Structures are given as structure tokens and as C-alpha cells.
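Visitor: I would like to learn how to read a protein structure. Please take me through one, feature by feature.

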Amino acid sequence: MREGSRGTSGDLGGIGGLLAAVTAAIAWGSEGPAPLPRYLYLLPILWGAVRFGRLGGLLTGVLAVLLYAPFVLPAVEQMGMRGETADGLVAFGIFLVVGSLAGALAQRAKDQSARYHTLLALERVFRSGGELRATLSALAEEVKTALGARAVSLLVLSQEEPPLVIGRT
């Protein structure tokens, strides 16, 4: 098993375990459709969002709603739409919105970090000095790596010099 997949399965197991623990805490001490431990569902939701982005946060939020629904929906059926039951239903929306928004923000932060690392790598290439052809070749390699491309070509046109073509495959 690869290192990354071990981390992913560990995260999934941790998120699932935390969801199960929160559900057990609610079942054990549940008093009505709006028990206080329901907000503990936000912990695995945020974990899923930070680790797996928007989709991970949203899916963890959906799981939290599905696990919390057996405590809320029967109360809505028995008591009708009162303040306590409405509060339980609002928690459904909170779980979904928090998961989606936190995941989107986490993904945006990861993307921004990748862009900064790419810019830093390009700056290092330019600061290394050396001959133009070698610098452009190293630049093409960094761009290829950053974009995940199979090949990158750079074309430098000058009025005094013949065209310079640098390619990395």
C-alpha cells in the first residue's frame, strides 16, 4: 500500500469513527430532537472538508444528516413543527452548508499554495543565473511539472537573433 493511500484510509476511518462516536453520544444521552452533542458532527465534517475538499465536506455533511435524521424526523412526526424540532431540521442545513463552504475554502487554499510553490520554483530558476538556453530549459521543466503536462515548448523571438525553441518532454 502506498503512503498516500494509507493516509487517506486513515482519514476515512477517523472520520467514520468520529461520526459513529457522535451518533452514539446522541443516542446514549438523547433528550428530544435537538440534543447538544449534535454540534459535534461539525468535527468530522470539518475534517472531511479540510482533507478532501468541497466534495469531502459535503459528503461528510450528508452522512451526518443521515445519521442524525433518525433522531429528528420521528420527533417532527410526533410533535409537529415546534421550536425544538425546527432546530433539529436547521442542523441539517448547517451540516451541509458548513461542509460545502469549508471544503471549498480548503480546496482554494490548497490551490493557492500550489500556485505559490510554482512561482517560487520559477523564481529559483531565474535566480540561478547561467546561460539563457539552460535557464529556459530549466524553466520549461518547472512549467511542465507544475502543469502536469507531457511536454512544454518555449519559443523566444528576437529581432536580432534567430528564434530560440526550447522543448521538454
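This is a predicted model: local features need pLDDT of at least 70, side-chain atom pairs count only at pLDDT 80 or more; totals for chains, interfaces and linings use all residues.

Visitor: How is the packing of two helices described?

Guide: Two packed helices are described by the angle between their axes and by the distance between those axes. Take H2 and H3 as the case here: their axes are 8 Å apart and the packing angle is about 175 degrees.

Visitor: Are H2 and H3 roughly parallel or roughly antiparallel to each other?

Guide: Angles over 145 degrees count as roughly antiparallel, and H2 and H3 are therefore roughly antiparallel to each other. Sorted by class, their contact holds 27 nonpolar, nine polar and three charged residues.

Visitor: At what angle do the axes of H3 and H4 cross?

Guide: The axes of H3 and H4 cross at roughly 170 degrees and come within 9 Å. That angle makes H3 roughly antiparallel to H4. From H3, the contact is made by Thr118, Ala121, Leu122, Val125 and Phe126, and from H4 by Thr135, Ala138, Leu139, Glu142, Val143 and Ala146. By class, this contact of H3 with H4 has eight nonpolar, two polar and one charged residues.

Visitor: Thr135 is in that list. Which helix holds Thr135, and is the residue buried or exposed?

Guide: Thr135 is in helix H4, which covers residues 132-147. Buried means under 20% relative accessible area, so Thr135, at 11%, is buried. Leaving aside neighbours within four places in sequence, Thr135 is in contact with Val125, Phe126, Gly129 and Gly130.

Visitor: What should I know about nonpolar side chains in general?

Guide: In soluble globular proteins, nonpolar side chains tend to be buried together. In this model, the largest nonpolar core has 17 residues, and those touching the most other members are Ile26, Tyr41, Ile45, Ala64, Tyr68, Phe92 and Phe95. Helix H1 (3-29), helix H2 (42-79) and H3 each give two or more residues to this core. The largest share, nine residues, comes from H2. Apart from this core lies another one, of eight residues, among them Val125, Leu136, Leu139 and Ala140.

Visitor: Which residues does Phe95 touch?

Guide: Not counting residues up to four places away in sequence, Phe95 touches Arg38, Tyr41, Leu42, Ile45, Gly61, Ala64, Val65 and Tyr68.

Visitor: Arg38 is on that list. Where does Arg38 lie?

Guide: Arg38 lies in the loop between H1 and H2. With a relative accessible area of 3%, Arg38 is buried. Its side chain makes a polar contact of 2.5 Å with the side chain of Asp87, and one of 2.7 Å with that of Tyr39. Neighbours within four places aside, Arg38 is in contact with Ile26, Tyr68, Asp87, Ala91 and Phe95.

Visitor: Side chains can meet other side chains, then. Which backbone atoms does the side chain of Thr85 reach?

Guide: A polar atom of the Thr85 side chain lies 2.8 Å from the backbone oxygen of Gly80. The side chain of Thr85 also reaches the backbone nitrogen of Arg82, at 2.8 Å. Thr85 is in helix H3, residues 83-127, and counts as buried because its relative accessibility is 0%.

Visitor: How many residues apart along the chain are Thr85 and Ile26?

Guide: Thr85 and Ile26 are 59 residues apart along the chain, and 15 Å separates their C-alpha atoms.

Terms used. Residues are numbered from 1 along each chain as its sequence is written. Side-chain values use heavy atoms; hydrogens and water are left out. Helices (H or I, at least four residues) and strands (E, at least two) are DSSP runs, numbered from the N terminus. Buried means under 20% relative accessible area, exposed over 50%, partly exposed in between (1.4 Å probe, protein chains only). A polar contact is a pair of N or O atoms within 3.5 Å; within protein, one must be able to donate a hydrogen and the other to accept it, and residues adjacent in sequence count only if both atoms are side-chain atoms. Contact means heavy atoms within 4.5 Å. A nonpolar core is a set of buried Ala, Val, Leu, Ile, Met, Phe, Trp, Tyr and Cys residues joined through side-chain atoms within 4.5 Å. Axes are lines fitted to C-alpha atoms, for helices over the stretch in contact, and angles run from 0 to 180 degrees between N-to-C directions. Angles under 35 degrees count as roughly parallel, over 145 as roughly antiparallel, 65 to 115 as roughly perpendicular and the rest as oblique. Ala, Val, Leu, Ile, Met, Phe, Trp, Tyr, Cys and Pro count as nonpolar, Asp, Glu, Lys and Arg as charged, and the others, Gly among them, as polar.
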